[in-house]
Amino acid sequence: MAINYMTAEGYRKLVEELNELESVQRPAISKQIGEARDKGDLSENAEYDAAKEAQGMLEMRISNLKDMIASARMIDESKINTNEVQILTRVKIKNTKTNQLMSYMIVSESEANFKEGKLSVTTPIAKGLLGKKVGERATVSVPSGMLEFEVMEISL
């Protein structure tokens with residue numbers, strides 16, 4: 001099982017989601033299955049089939065969350081320095097071709113949210129930036145070709 005590094009906030013969100021799924025959604029789906037079963041012939045009961053499928057998806061999500069929580073390792077944010085790009089640092093980069101400035105926080109895969117500027121550590125851009133210092137350049141292979149970024153600033 002791979003180690004999943006995350007913030008305390010990210011860990012808390014996973015635990016809250018797991019609790020919600022187990023204590024609220026699981027009983028609700030069981031109730032739906034029971035109600036659908038009471039309607040008669042299960043071989044032609046679309047409600048029953050849909051409820052069973054929803055139950056399977058829910059149980060898969062619960063299992064995935066339990067795995068993520070079991071492999072979670074919280075990062076002590078007080079020990080992170082900004083000398084180089086690493087997980088939980090915010091990095092301001094410039095595309096050397098277009099001079100476009102972008103800012104991302106490098107986070108674990110489970111906390112990634114592109115709309116919030118949180119880039120997964122497993123993405124090609126994040127992998128290319130890890131270990132770089134301010135002023136250094138990173139050449140990154142992306143599906144559309146090669147991109148070159150210059151690290152402008154590293155912060156928390």
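Trainee: How many residues sit between β6 and β7 in the hairpin?
Mentor: Two residues lie between them. Keep in mind that this is a predicted model.

Trainee: In which sense do β6 and β7 run, and how many bridges join them?
Mentor: They run antiparallel, and six bridges join them. β6 covers residues 137-142, while β7 covers residues 145-155.

Trainee: Which residues face each other there? Start with serine 141.
Mentor: Serine 141 is opposite methionine 146 in β7.

Trainee: And what is the bridge partner of threonine 139?
Mentor: Glutamate 148, also a residue of β7.

Trainee: Zooming out, how many helices and strands are in the chain?
Mentor: Three helices and seven strands.

Trainee: In what order do they run from the N terminus?
Mentor: The order is β-α-α-β-β-β-β-α-β-β. The hairpin we began with is made of β6 and β7.

Trainee: What about the overall dimensions? What radius of gyration does the chain have?
Mentor: The chain has 22 Å, whereas a compact globule of 156 residues would be near 15 Å. Along the principal axes, the C-alpha atoms fill a box of roughly 70 × 35 × 25 Å.

Trainee: What share of the residues counts as buried?
Mentor: 32% of the 156 residues do. The accessible surface comes to about 9,600 Å², and carbon and sulfur atoms hold 51% of that.

Trainee: What part of the contacts comes from residues 24 or more positions apart?
Mentor: 50%, counted among contacts with a separation of 6 or more.

Trainee: Last topic, charges. How many positive and negative side chains are there?
Mentor: There are 21 positive and 24 negative ones. The centres of the two sets are 7 Å apart.

Conventions
Residues numbered from 1 in each chain as written. Predicted model: local features only at pLDDT ≥ 70, side-chain atom pairs only at ≥ 80, totals over all residues. Heavy atoms only, no water. Helix = DSSP H or I, 4+ residues; strand = E, 2+ residues; numbered from the N terminus. Rg over C-alpha atoms; globule rule 2.2 N^0.38 Å. Buried < 20%, exposed > 50% of the residue type's maximum accessible area, 1.4 Å probe, protein only. Contact = heavy atoms within 4.5 Å. Areas by Shrake-Rupley, 256 points an atom, 1.4 Å probe, with all protein chains shown as cover. Lys, Arg positive; Asp, Glu negative; His and termini not counted. Charge placed at Lys NZ, Arg CZ, Asp CG, Glu CD. Pairing = 2+ DSSP bridges.
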